[in-house]
Amino acid sequence: MVEHGSSNPRIIMTPKVLLSGVLFPSTPAAKLLNLILEGVNIHVVDSILNEEYELILLHPSLGLPHGRSRDFLNKLASLAEFVVPVPLPFRMKEYYGVDYHLHSLSFSAGCIPVIKPALHYFLGEQGGMIPVYTPEGFLKYEGYFA
Amino acid sequence: MKIVTSRDIKNNPNILLDDPSETIITSRGRPKAICFPIEEHELNFLEDLIQTIRHSRAKVALERLRTGTMILRANDKGNPIPEDEVSASRLSDKILREQGRLF
């Protein structure tokens, strides 16, 4: 687990971005994952998001090698900053729907960016409370070209 | 790189200090830990050193996972590993929905 107070940019990565990064090494998601593994960016998780990473990568319908996936998830978790999210007001839960959890986590970690594969359905983008990017958008924002 | 067993260390703890090289410690025939020498001045950077090792191990784990996935794809044509980002995304949604995580 990383130490708090580090100056490296912190981000929240959805399970889909993680899966893309693992499976498709030439994608912006993979570049983002490499930046995390190199320590340039720090990924922030809570127990729920970490469980979702495991649900996806270890699910038998995906057919990934189980032992290697488990090993990678353990190593990835050792680099993560764990946050306990504070609950947001109930009205916001109604408004943000499925993205409520990501909002709550981002807000608790200091309104850090959420990296999603597509912005289309992300209500938060309209709400403007937290920054939301695609992997490509985030890399461009950070000065990398995917 | 030297390999010692946990029993060797129990019998002679100095075995780790006598040889200034990296040592793999095994227990019941399996590698369990690695011991490497440090200089006094490195104590200030110990956390950085450990963090560097964590990052390197994570990179190696990712490469192993990708290699394992490629081998599975090549050897097992019926394997369900998604071939593109769109199908990977759909499959993720399906898994999360089944688990009640996505509505």
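Biologist: In chain A, what share of the contacts with a separation of 6 or more comes from residues 24 or more positions apart?

Modeller: Such residues account for 58% of those contacts in chain A. Two residues are in contact if their C-beta atoms, placed from the backbone, lie within 7 Å. This is a predicted model, so local features need pLDDT of at least 70 and side-chain atom pairs pLDDT 80 or more, while totals for chains, interfaces and linings use all residues. Residues are numbered from 1 along each chain as its sequence is written, with chains lettered from A and ligands numbered from 1 in the order in which they are written.

Biologist: How many helices and strands does chain A have?

Modeller: Chain A has 8 helices and 5 strands. Helices (H or I, at least four residues) and strands (E, at least two) are DSSP runs, numbered from the N terminus. From that end, the elements of chain A run β-α-α-β-α-α-β-α-α-β-α-β-α.

Biologist: In what order do the strands of the chain A sheet lie?

Modeller: The order is E3-E2-E1-E4-E5 in an open sheet of 5 strands, with parallel pairing. Strands E3 (81-82) and E5 (132-133) of chain A are at the edges with a single partner strand each, so one side of each has no neighbour in the sheet. Strands count as paired if DSSP finds at least two bridges between them.

Biologist: What does E1 of chain A pair with over 2 bridges?

Modeller: E1(A), residues 10-13, pairs with E2(A), residues 42-45, in the parallel sense over 2 bridges. A:Ile11 has A:His43 as its bridge partner in E2(A), and A:Arg10 stands opposite A:Ile42 in E2(A). E1(A) also pairs in the parallel sense with E4(A), residues 114-115, over 2 bridges. There the partner of A:Ile12 is A:Val114.

Biologist: Next topic: A:His101. Where is its place?

Modeller: A:His101 is in helix H6 of chain A, residues 100-108.

Biologist: Which residues in H6(A) are buried?

Modeller: A:Leu102, A:His103, A:Ser104, A:Leu105 and A:Ser106 are buried in H6(A). Buried takes 20 or more other C-beta atoms within 10 Å of the residue's own, exposed 12 or fewer, and partly exposed is in between, with C-beta atoms placed from the backbone. A:His101 has 18 other C-beta atoms within 10 Å, so A:His101 is partly exposed. After H6(A) comes A:Gly110, with a positive phi near 100°.

Biologist: How much of each chain is buried, in chain A and in chain B?

Modeller: Buried residues make up 42% of the 146 residues in chain A. In chain B, 11% of the 103 residues count as buried.

Biologist: What radius of gyration does chain B have?

Modeller: Chain B has 22 Å, whereas a compact globule of 103 residues would have a value near 13 Å. The radius is taken over C-alpha atoms, and the globule rule is 2.2 Å times the number of residues to the power 0.38. The C-alpha atoms of chain B fill a box of roughly 55 × 35 × 25 Å along the principal axes.

Biologist: Which domains does the assignment give for chain B?

Modeller: Domain 1 is 1-37 and domain 2 is 60-103 in chain B, with bounds from an automatic or database domain assignment. Their C-alpha centres lie 39 Å apart.

Biologist: What pattern does chain B follow along the sequence?

Modeller: Chain B follows β-α-α-β-β-α-α, with 4 helices and 3 strands. Its 3 strands form an open sheet in the order E1-E2-E3, with mixed pairing. Strands E1 (2-5) and E3 (30-35) of chain B are the edge strands with a single partner each, so one side of each lacks a neighbour in the sheet. E2(B), residues 23-27, pairs with E3(B) in the antiparallel sense over 5 bridges, and B:Thr26 has B:Pro31 as its bridge partner in E3(B).

Biologist: Last one: how many residues does the contact take from chain B and from chain A?

Modeller: The contact takes 29 residues from chain B and 31 from chain A. On the chain B side, helix H3 (46-75) and helix H4 (85-98) each supply at least two residues. H3(B) gives the largest share of that side, 14 residues.
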